[in-house]
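Please look over the following model with attention to its helices, strands, charged pairs and surface. The briefing below is grouped by topic.

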Amino acid sequence: MMIQRDATPGIPECVLITGATGGIGAALALEYASAGSATLILQGRDAKRLREVADACTAAGANVLTERLDVRNLDALVGWLRTISRDEKPDLVVANAGVNIDTGPQGQGETWDDVQRLLDVNIRAVFATVNAVLPVMRARGHGQIAVMSSLAAWRGLPETPSYSASKAAVKVYGEAMRDGLARDGVRVNVIMPGYVESRMCFDMPGPKPFLWDAPRAARAIRLGLRANRARISFPFPLNLGTFLLSIIHPAVSGWILRKMGYGSR
């Protein structure tokens, strides 16, 4: 049954989130449901987890639509997004789906199959998501798209080179799209979290300074999107540190990372 609610000022009425079964995605869905978004459209691969997230958001008062699909199936992803954009007209789309890989416990290196899978999810699916939802937003002259990057986009980590590179690509893409779409009334924001509690985070090797829990991260993201910040990056100390690593000489930044426990295997 559709739940009818008055729109809350500053809260998008309809929000679409890909990767809604992950740590940040699930927390963000519940954050918007609790804040007053009337309709949530959630995509994920894990049917059981997707239903759990949907039930929690429904209990918070939102009407929830779910779609179980693998974002690597670009034809299915684009087809679904075009249909849902036409039928539901989401005010906010968060391209959040992502995966991580690393060089292995002995530093043996990433496998090519894993690299291709990561690039399909972290880059191709994100670009496809933006491309699929844009026509409806541009036609009506408003909308908001958020792409999920990472503080690893500032300076690649030796344990996760492909992940770092993929998030750098998303960062640059989102910044360029923000400038290009401003005249069309479509806002684009780049989200750059640090370490946030999730299975993906805990599977990553290396130190995890300034670790945040997922609800805290979700709230920071929602408030940043409400303010239409170009970059929503947190926590501040880690954001500043990674930014500084990106602008100093690579030999120095590499030495600092080794001293911190990265790339020392």
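In which loop does isoleucine 248 lie? Isoleucine 248 belongs to the loop between α8 and α9 (250–260), where helices (H or I, at least four residues) and strands (E, at least two) are DSSP runs numbered from the N terminus. This is a predicted model, in which local features need pLDDT of at least 70 and side-chain atom pairs count only at pLDDT 80 or more, while totals for chains, interfaces and linings use all residues. Residues are numbered from 1 along each chain as its sequence is written, and side-chain values use heavy atoms, with hydrogens and water left out.

**Nonpolar surface**
- Isoleucine 248 is partly exposed, with a relative accessible area of 32% (buried means under 20%, exposed over 50%, partly exposed in between, with a 1.4 Å probe and protein chains only).
- Phe236, Leu240, Phe243, Leu244, Ile247, Ile248 and Val252 make a nonpolar surface patch of about 610 Å² (patch residues have over 30% relative accessible area and no salt bridge, with nonpolar side chains joined within 5 Å and like charges within 9 Å).
- Helix α8 (residues 236–247) contributes the largest share of this patch, 5 residues.

**Helix α4**
- Glycine 141, which follows α4, has a positive phi near 80 degrees.

**Strands**
- In strand β2 (residues 39–44), 6 of 6 residues are buried, with Thr39, Ile41 and Gln43 pointing one way and Leu40, Leu42 and Gly44 the other.
- Strand β1 (residues 14–17) runs parallel to β2 and is joined to β2 by 4 bridges (two strands pair if DSSP finds at least two bridges), and isoleucine 17 stands opposite leucine 42.

**Salt bridges**
- The count comes to 13 salt bridges (a side-chain nitrogen of Lys or Arg within 4 Å of a carboxyl oxygen of Asp or Glu).
- Arginine 45 forms a salt bridge with aspartate 70, their closest N and O atoms being 3.8 Å apart. Arginine 45 lies in the loop between β2 and α2 and aspartate 70 in the loop between β3 (63–68) and α3 (74–88), so the pair ties together parts 25 residues apart in sequence.
- Within α4, arginine 124 and aspartate 120 are 4 residues apart, about one turn of the helix, and their side chains meet at 3.3 Å, N to O.

Definitions and conventions:
Areas by Shrake-Rupley, 256 points an atom, 1.4 Å probe, with all protein chains shown as cover.
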